[in-house]
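Visitor: I'm new here. Could you walk me through this one?

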Amino acid sequence: PKEHGNLGVTDAKGVRVKLFEGQRKMADFFIGNEVKTKLNDRPVTYAYFRAAHQKTVWKIMGSLKLLTSKTLNQWRDPKILRIKRDDVVEIGITTKDGSLVATRDPKEKDPKKKNKNWKIKSANPPMTGVEQSDLSRIGSTLSYLRAKDFAGKLSATKTGLDKPTHTLAIKTKDKKAYTLLFGKTFETEVERGKRKVKEKRVYVQVKGNPQVFIVQESRLRALRKSPPELRDRTVLALPDGWKVTRLEVVMKDAHIELKKPKLKWEVVKPKDLKFDAKALDRDLKLLSGRFKAKEY
């Protein structure tokens with residue numbers, strides 16, 4: 001027993017694990033230090049192991065760091081919300097640049113439209129349309145959003161959650177509501193392979209829940225857009241069923257006209273124009289599908 005501390009199989013030095021089935025204790029043991037050695041010239045790792053209330057210490061072959069190397073926060077559930085993208089029916093955004101509330105019909109059955117039927121309920125400044133893919137991406141991001149770490153007892157002033165930079169309100173089709181608050185962004189040093197790099201992180205909180213989460217800034221790009229950034233960026237989209245049958249291109253030194261009355265493109269002018277009909281059809285899919293801007 002006097003060696004138990006040196007081997008790391010005590011409450012003060014090791015990790016104690018208790019397993020229960022209901023109220024019945026099934027196991028109670030200590031996981032201690034690890035030792036690396038060789039067996040027949042092959043490297044092996046042993047972990048010291050002791051059943052509670054027994055004196056014998058065993059050497060277990062293999063590493064048990066999966067249990068012993070985790071901090072308390074690493075055992076906690078990192079998932080911030082438990083919602084599915086298809087359940088989100090209303091998204092409300094408030095930032096210093098304006099506010100937006102958008103809703104969608106959850107009864108839409110067409111899989112191509114059910115997450116792309118968002119409509120503006122209110123907007124300040126006014127908007128004529130919203131970027132469907134961006135709102136759909138908000139629902140997707142929320143469904144798998146996880147914390148990188150958990151904040152301790154920091155004040156709302158320290159985290160910036162007393163004056164959030166961005167507020168995201170969500171309603172689901174089962175009438176549940178959640179509001180995410182985004183606080184200050186800060187930098188921390190993390191290890192990536194063999195080098196250390198700076199990583200930006202953000203304080204995040206679900207309104208009404210005292211827990212403050214720490215999330216990588218890169219995971220929040222879809223969620224922290226301002227209303228002006230969510231404006232519809234469609235330059236041109238032909239209605240369903242429409243096809244391009246005539247094309248006129250006017251340039252500084254040329255005037256081209258093409259038509260497609262049936263299956264093939266024909267040159268109207270200039271008569272001697274040579275062109276790649278397959279490439280033309282391919283490029284025109286931008287118009288018959290959706291020609292979208294990157295930004296305003």
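Guide: Contact here means heavy atoms within 4.5 Å. This is a predicted model, where local features need pLDDT of at least 70, side-chain atom pairs count only at pLDDT 80 or more, and totals for chains, interfaces and linings use all residues. Residues are numbered from 1 along each chain as its sequence is written, and side-chain values use heavy atoms, leaving out hydrogens and water.

Visitor: What is A151 in contact with, leaving aside its neighbours within four places in sequence?

Guide: Y203, Q211, V212 and I214. A151 itself lies in the loop between β8 (149–150) and α4 (156–159); helices (H or I, at least four residues) and strands (E, at least two) are DSSP runs, numbered from the N terminus.

Visitor: Why is A151 called buried?

Guide: Buried means under 20% relative accessible area, exposed over 50%, partly exposed in between (1.4 Å probe, protein chains only). A151 has 12%, so it counts as buried.

Visitor: Which residues have the most contacts inside the largest nonpolar core?

Guide: I80, I91, L142, L168 and L180, in a core of 29 residues. Such a core is a set of buried Ala, Val, Leu, Ile, Met, Phe, Trp, Tyr and Cys residues joined through side-chain atoms within 4.5 Å. L168 touches, among others, I91, L142 and L180.

Visitor: What makes K70 sit over the ring of W75?

Guide: The rule asks for NZ of Lys or CZ of Arg within 6 Å of the ring centre and within 35 degrees of the ring normal. The charged end of K70 is 4.6 Å from the centre of the W75 ring, and that of R231 sits over the ring of Y296 at 3.7 Å.
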